Amino acid sequence: RRWLVLRKSGLLQWYETEAKSSVLGFVQLKGDLCSVDGSQACAKYPHVVSLVTPGRTLFLAADNELRHSQWIAALLATLADLSAQQRVSDQSVPEPLRLSVHIE
């Protein structure tokens, strides 16, 4: 069992206890490079969310249907925000300055 924290920055961290004393692991989510699937249920874990990132796939098992829905909503909202921020960032990069020089 692990306790997870999803930051607005897209940093997903997991801890051994709810006290969050030391980080056991983390993954930095990238909006356009991640996907969320809430349909991966099985008998042992009926409320599973799979989070696919470029480096790994995480399977997160929620305690109940409500938590399952909340995690899906939070992950999707965070990924959408990160994608939007990336699009704005891409648009705000100025075009390279091009100079035409005539030398005689």
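**Exercise 1. A histidine and its surroundings**

Which backbone oxygen does the side chain of His68 reach?

Before you start: this is a predicted model, where local features need pLDDT of at least 70 and side-chain atom pairs count only at pLDDT 80 or more, while totals for chains, interfaces and linings use all residues. Residues are numbered from 1 along each chain as its sequence is written, and side-chain values use heavy atoms, with hydrogens and water left out.

Step 1. Find His68 in helix α1, residues 65-92. Helices (H or I, at least four residues) and strands (E, at least two) are DSSP runs, numbered from the N terminus.

Step 2. Look around the side chain: it reaches the backbone oxygen of Val48 at 3.1 Å.

Step 3. Now check the accessible area. His68 comes out at a relative 6%, so it counts as buried (under 20% relative accessible area, with a 1.4 Å probe and protein chains only).

Step 4. List the touching residues, skipping those up to four places away in sequence: Gly38, His47, Val48, Val49 and Ala62. Touching, or contact, means heavy atoms within 4.5 Å.

**Exercise 2. The hairpin**

Work out how β1 and β2 are arranged.

Step 1. Two strands pair if DSSP finds at least two bridges between them.

Step 2. Go to the turn. Four residues separate the two strands of this hairpin, and Gly10 there has a positive phi of about 95 degrees.

**Exercise 3. The open sheet**

Which strands stand at the edges of the three-stranded sheet?

Step 1. Write down the order, β4-β5-β6, with antiparallel pairing.

Step 2. Read off the edges: β4 (35-37) and β6 (57-61) each have a single partner strand, so one side of each has no neighbour in the sheet.

Step 3. Zoom in on β4 and β5 (residues 48-52), which are joined by three bridges. Val36 has Leu51 as its bridge partner in β5.

**Exercise 4. The core**

Find the residues that touch the most other members of the largest nonpolar core.

Step 1. Of its 13 residues, pick Val27, Leu29, Leu51, Leu58 and Leu75. A nonpolar core is a set of buried Ala, Val, Leu, Ile, Met, Phe, Trp, Tyr and Cys residues joined through side-chain atoms within 4.5 Å.

Step 2. See who contributes: α1 gives the most, with four residues.

Conventions:
Buried means under 20% relative accessible area, exposed over 50%, partly exposed in between (1.4 Å probe, protein chains only). A polar contact is a pair of N or O atoms within 3.5 Å; within protein, one must be able to donate a hydrogen and the other to accept it, and residues adjacent in sequence count only if both atoms are side-chain atoms.
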